[in-house]
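Subject: Handover of a structure and notes on it

Dear colleague,

Please find below the structure that I am handing over to you. My notes follow it, and I would be grateful if you read them with the coordinates open.

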There are 2 protein chains.
Amino acid sequence: MNQEKILQSLIADNLVSASDSARGRLLREAARLFREKGYERTTVRDLAAAVGIQSGSLFHHFRTKEEILKAVMVETIRLNTAVMEAAIGAAKSNREKLRALIRAELESINGQTGEAMAVLVYEWRSLSEASRAEVLELRDGYEALWLGVLNALKEEGALSADPFVVRRMLTGALSWTVTWYRPDRGDLTQDGLTDQVMAMLGLG
Amino acid sequence: MNQEKILQSLIADNLVSASDSARGRLLREAARLFREKGYERTTVRDLAAAVGIQSGSLFHHFRTKEEILKAVMVETIRLNTAVMEAAIGAAKSNREKLRALIRAELESINGQTGEAMAVLVYEWRSLSEASRAEVLELRDGYEALWLGVLNALKEEGALSADPFVVRRMLTGALSWTVTWYRPDRGDLTQDGLTDQVMAMLGLG
DNA sequence: GACGATACCAAGCAAGCGCTTGGTTTGTAA
DNA sequence: TTACAAACCAAGCGCTTGCTTGGTATCGTC
């Protein structure tokens, strides 16, 4: 199952919005603006202008501004969880599974969904307590995928450090790439970067 | 030269504010609030209340709210650069220098200056173009310390991955600890965490 | 003890914010 | 053609924001 099919299936189940729907277009622009200026500095007027409607009309689609932020986060986690599951499924050894996870997370951070991923990392403080709990719960499912693979590698003896710590370090290291890595500048491809990460872990 | 002496020397040179001065107290509270709620969600009234003055009185000390943010960042970088220089100076081998850098950065992220460090990572988007350039220039000096040690390790053959990439990964991994690591919960000390990082790099 | 600088207060202004409201257009299906 | 809901507009309300202003304590210095 490739990424396109995964996306279609999620859209069919109404778990993420199609990017050509009104809602999808708004969420994409919202992710872009939230990443560029931050959630607080992005006004509902900015959001409305980005999709060509009046600011008040936003509230026909979402009850509050915060609900837009939450929707960006929730749909992003859903999509990424599905993509990661597929990545693991396609790999044979645990080492390959880890490489696939790293490669896929780099892709989601630096590819199409990169803006939404950055929002996920940087803007969680702008969520209300209730929304935060909701997002965190979804996130736990995502993290479980990683920990499963890392624990298996630990049992194999391929990993010496604590899996939990390693995942946390990887989370930070990979998400940080969004601040410096430019996949379109050809001197370092995403596969190349994945290799470097695996090498750093002694799993090259 | 220990950390206390470094701090005294920087205060004497007027490069950072003494924490018992009015300015120092304000910057400390600002860092706390900026980290807790984010820069945009922190109002000048919040800041003023935290140090027990009226909101208008803030502008006797700083011309704008943004200047407060910049001051938090600038003073933090200055302090940390000095601390890192001392850490490198005290170590003999390059491997020990790297460990000292990691240990010192973990300390600055998770210790007293942790709130300011988090602000440095999360709030740079709230800086104006001009302030950002200023902060980045200071940051370059700090990064040069790391790259010097990593390049030396690469030449020794102790490091296989690209030093530049490794530093970026470490930046992300270490700064991310602020979101999950609790040094006061005794199951993992900062030295223990440093060991884990070194082990992850194959330099344990 | 007069003086100037420093630190602060009390009040409020102009602008921008999220969101509401009442009404109009557009799309869809009988 | 009619009926109705979804999508949107135009206007603006109430509130909060960063910051300003004019004036008052407080302090070290000669």
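This is a predicted model: local features need pLDDT of at least 70, side-chain atom pairs count only at pLDDT 80 or more; totals for chains, interfaces and linings use all residues.

**Chain A as a whole**

Chain A contains 10 helices and zero strands, so that its elements, read from the N terminus, run α-α-α-α-α-α-α-α-α-α. Its radius of gyration is 18 Å, close to the 17 Å that the globule rule gives for 204 residues, and chain A is therefore as compact as a globular protein of that length. The C-alpha trace of chain A spans about 60 × 35 × 30 Å along its principal axes. Of the 204 residues in chain A, 35% are buried. When contacts in chain A between residues at least 6 apart in sequence are considered, 66% of them join residues at least 24 apart.

**Helix α6 of chain A**

Helix α6 of chain A covers residues 94-110, which is 17 residues. From its first C-alpha to its last it reaches 24 Å, close to the 24 Å expected at 1.5 Å a residue. How much of α6(A) is buried? With 20 or more other C-beta atoms within 10 Å as the criterion for a buried residue, 12 of the 17 residues of α6(A) qualify, so the helix is largely enclosed by the rest of the structure. Among these buried residues are A:Leu98, A:Leu101, A:Ile102, A:Leu106 and A:Ile109; the list also includes A:Lys97, A:Arg99 and A:Glu105. The cover over the buried residues of α6(A) includes α5 (65-90), α7 (114-122), α8 (129-156), α9 (163-176) and α10 (190-200) of chain A.

**A residue of helix α1**

A:Gln8 lies in helix α1 of chain A, residues 3-12. Is A:Gln8 buried or exposed? A residue with 12 or fewer other C-beta atoms within 10 Å counts as exposed, and A:Gln8 has 12, so it is exposed. The C-alpha atom of A:Gln8 is separated by 8.2 Å from that of A:Ala18, which is 10 residues away along the chain.

**The two chains together**

Between the chains, 25 residues of chain B are in contact with 26 residues of chain A. On the side of chain B that touches chain A, α9 (163-176) and α10 (190-200) of chain B each supply at least two residues. The most comes from α9(B), with nine residues. By class, this side of chain B has 11 nonpolar, eight polar and six charged residues.

Chain B is superposed on chain A by a rotation of 180° with 0.0 Å of shift along its axis, at an RMSD of 0.0 Å. The two copies are thus related as by a two-fold rotation axis.

**The DNA strands**

Which residues come nearest to DNA strand C? Of the 15 residues around DNA strand C, these are A:Thr43, A:Gly56, A:Lys65, B:Ile53 and B:Gly56. The surface near DNA strand C divides into four nonpolar, nine polar and two charged residues.

DNA strand D is surrounded by 15 residues, the closest being A:Ile53, A:Gly56, B:Thr43, B:Gly56 and B:Lys65.

With kind regards

Technical notes. Residues are numbered from 1 along each chain as its sequence is written. Chains are lettered from A and ligands numbered from 1 in the order in which they are written. A residue is near a molecule or strand if its C-beta atom, placed from the backbone, lies within 6 Å of it. Helices (H or I, at least four residues) and strands (E, at least two) are DSSP runs, numbered from the N terminus. The expected span of a helix is 1.5 Å times one less than its number of residues. Two residues are in contact if their C-beta atoms, placed from the backbone, lie within 7 Å. Ala, Val, Leu, Ile, Met, Phe, Trp, Tyr, Cys and Pro count as nonpolar, Asp, Glu, Lys and Arg as charged, and the others, Gly among them, as polar. Copies are superposed by least squares on the C-alpha atoms of residues with pLDDT of at least 70 in both. The radius of gyration is taken over C-alpha atoms; the globule rule is 2.2 Å times the number of residues to the power 0.38.
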